[in-house]
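Subject: Structure handover

Hello,

Here is the structure I promised to pass on. Please open it first, then read my notes below.

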Amino acid sequence: MYALHFASTFPSTYKSIIKGNKEFEKRTKKVLRLIKNDPFYPSLKSHKVNTRNFGKKWSSWITGDLRIIWDFDESKKQIIILFALSKHSGSSREYK
């Protein structure tokens, strides 16, 4: 099991994307539980991506167009740092 730490960038991206959408909120909470237990659980489709703001990080699937950007803490491998929620497509996407 991993400990989850939220980077200072996470809350603002969470609020801007979730915006009271109960379905997105429910799915995001489920994904956070899965990442905490096994960040490579098959339904997460976790893979490395090159992001605009964070460099090379891991991305996991929340919905068809919604992703969570994260990485392992370099000094403590049992900690996962959550950087952002992001769209997979469109002008506001995090991917390069």
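The buried residues of α1 pack against β1 (3–6), α2, β4 and β5. Contact here means heavy atoms within 4.5 Å. Helices (H or I, at least four residues) and strands (E, at least two) are DSSP runs, numbered from the N terminus.

Some ground rules. This is a predicted model, where local features need pLDDT of at least 70, side-chain atom pairs count only at pLDDT 80 or more, and totals for chains, interfaces and linings use all residues. Residues are numbered from 1 along each chain as its sequence is written, and side-chain values use heavy atoms, with hydrogens and water left out.

Back to α1. Its buried residues include Phe10, Thr13, Ile17 and Ile18. Buried means under 20% relative accessible area, exposed over 50%, and partly exposed in between (1.4 Å probe, protein chains only). These four cover an arc of only 110° around the axis, so they lie on the same side of α1. The arc is that of the directions from the helix axis to the C-beta atoms. After α1 comes Lys19, with a positive phi near 40°.

Now the cores. A nonpolar core is a set of buried Ala, Val, Leu, Ile, Met, Phe, Trp, Tyr and Cys residues joined through side-chain atoms within 4.5 Å. The largest has 18 residues, and those with the most contacts inside it are Ile35, Ile68, Trp70, Ile80, Leu82 and Leu85. Two or more residues come from each of α1 (10–18), α2 (22–37), β4 (66–72) and β5 (79–87). A second, separate core has six residues, among them Val49, Phe54, Ile69 and Phe83. Leaving out residues up to four places away in sequence, Leu85 touches several residues, including Phe10, Thr13, Ile17 and Ile18.

Next, the hairpin. Strands β2 (residues 47–51) and β3 (residues 55–61) run antiparallel, joined by five bridges. Two strands pair if DSSP finds at least two bridges between them. Three residues link β2 to β3. Asn50 stands opposite Lys56 in β3.

Two residues deserve a look. Ser60 sits in β3. Ser60 is buried, at 0% relative accessible area. Its side chain makes a polar contact of 2.6 Å with that of Ser46. (A polar contact is a pair of N or O atoms within 3.5 Å; within protein, one must be able to donate a hydrogen and the other to accept it, and residues adjacent in sequence count only if both atoms are side-chain atoms.) His47, in β2, is partly exposed at 33%. The His47 side chain reaches the backbone oxygen of Lys45 at 2.8 Å.

Best wishes
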